[in-house]
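Please look through the sequence and the model below before reading on. The paragraphs that follow go from the open spaces of the fold to a helix beside them and then to some aromatic rings.

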Amino acid sequence: MADSAAALGPTRALVLANPASGSHSPQLVREVTELCGSCLEHVELHPTTAPGDATVAVRRALQRPAHAPDLVVVIGGDGTVREAVQGLASAPGRAALTVVPGGTGNSGYKMLWGERPWTESLKAVLTDSGVGGSARLRRHDLARLAETRQYVYLGACSGVIADALITARDIPLTGRDLYTKAFADTAAAYVPYPGRVTVDGRVVHEGPTVLANVGGGRYRGGRYLVLPDSLLDDGLLDVCVIGDGVTAADVPRLTLNADHMGHPATVYARGRTITVERTDGRRLPLEHDGEYQHGIGPSATFEVQPGALPVWAPAIERS
């Protein structure tokens, strides 16, 4: 279905809305649903009710013998997008993803559409997609976390960025301001962990580790340019490692404009299989797509899944 949508544009949509997301708005949900309804043959709205519900809803919709959606519209933050991706990746090629920002960091939207208003991007998908249009179908690479068998969309990060998600739980802010403060507060007191990073069997870093980011999208938290050279459809995973030659407190400032690149304490590499380890045997502090991985052990291995996810994106590559 996604291939036919590339030529003709989408016709049937499943709209997922997360009422618990960071900047949820019933008005936003109404506007998105009405816009889809004015352009498509059929629109189904599914408000999510619990963690994992978006994954189940996508899988059920795509398993219908008839009238399955060829477009999944996610209204929510990076966590809701992550859940939708799990469902889409398990039925490859049957529907394509588009995102409407409604969460805290919204990195999933920014990596596709930049700062473009959601009304503009969604209208492009609904009315100006396909050959010669302003929106086109791309097939993005995913990573798969071997230990959990979960798909990784935006990226995964160990260290200070992961622990910032724990800090964020106690901060009474919303949107990107919440993540900005959580990142800064966590970095101010962060102690690097003993780590090792291996890319396609080659050790590229060993020693004190502030963070190791594997992905995926260029941005984390909607504004931190951790993987500035990452391409979404090159069949490879990027990894950026920052060692203890950079004070953790400086990482938010440096990654805001990719000033960490070129620093002697930064290692940047690409490969098909990337393993991030904590060498003292303790649990690796890890998140992916905005979700802290409490059940992970001392290591995490990521394997690229080339072209696994159809997504709608601008016809002209954004910088």
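By class, the residues lining the largest pocket comprise 12 nonpolar, 16 polar and eight charged ones, where Ala, Val, Leu, Ile, Met, Phe, Trp, Tyr, Cys and Pro count as nonpolar, Asp, Glu, Lys and Arg as charged, and the others, Gly among them, as polar. The model is a predicted one, in which local features need pLDDT of at least 70 and side-chain atom pairs count only at pLDDT 80 or more, while totals for chains, interfaces and linings use all residues. Residues are numbered from 1 along each chain as its sequence is written, and side-chain values use heavy atoms, with hydrogens and water left out.

The largest pocket has a volume of about 940 Å³; on a 1 Å grid over the protein atoms alone, a pocket is an open set of points with protein on both sides within 12 Å along at least five of seven lines, a cavity is a set where a 1.4 Å probe fits but cannot get out, and lining residues have an atom within 4 Å of a point. Of the 36 residues that line this pocket, Asp-78, Gly-79, Asp-289, Gly-290 and Glu-291 are the closest to its centre. Helix 4 gives the most to the lining, with five residues; helices (H or I, at least four residues) and strands (E, at least two) are DSSP runs, numbered from the N terminus.

Helix 4 is mostly covered, since 11 of its 12 residues are buried, where buried means under 20% relative accessible area, exposed over 50%, and partly exposed in between, with a 1.4 Å probe and protein chains only.

The structure also holds one cavity of 30 Å³ or more. About 90 Å³ of space lies in the largest cavity, and strand 5 gives the most to its lining, with four residues.

Which residues do ring pairs link into a cluster? They are Tyr-179, Phe-183 and Tyr-224, and rings of Phe, Tyr and Trp (its six-membered ring) pair if their centres lie within 6.5 Å, with planes under 30 degrees apart counted as stacked, over 60 as edge-to-face and the rest as tilted. Tyr-179 and Phe-183 form a tilted pair, 6.0 Å centre to centre with 50° between the planes, and because they are four residues apart in helix 8, about one helical turn separates them. Tyr-179 and Tyr-224 are also tilted, at 6.2 Å and 55°, and this pair links distant parts of the chain, 45 residues apart.

Methods
Grid points are joined across faces, edges and corners, and a volume is the space filled by probe spheres set on the points.
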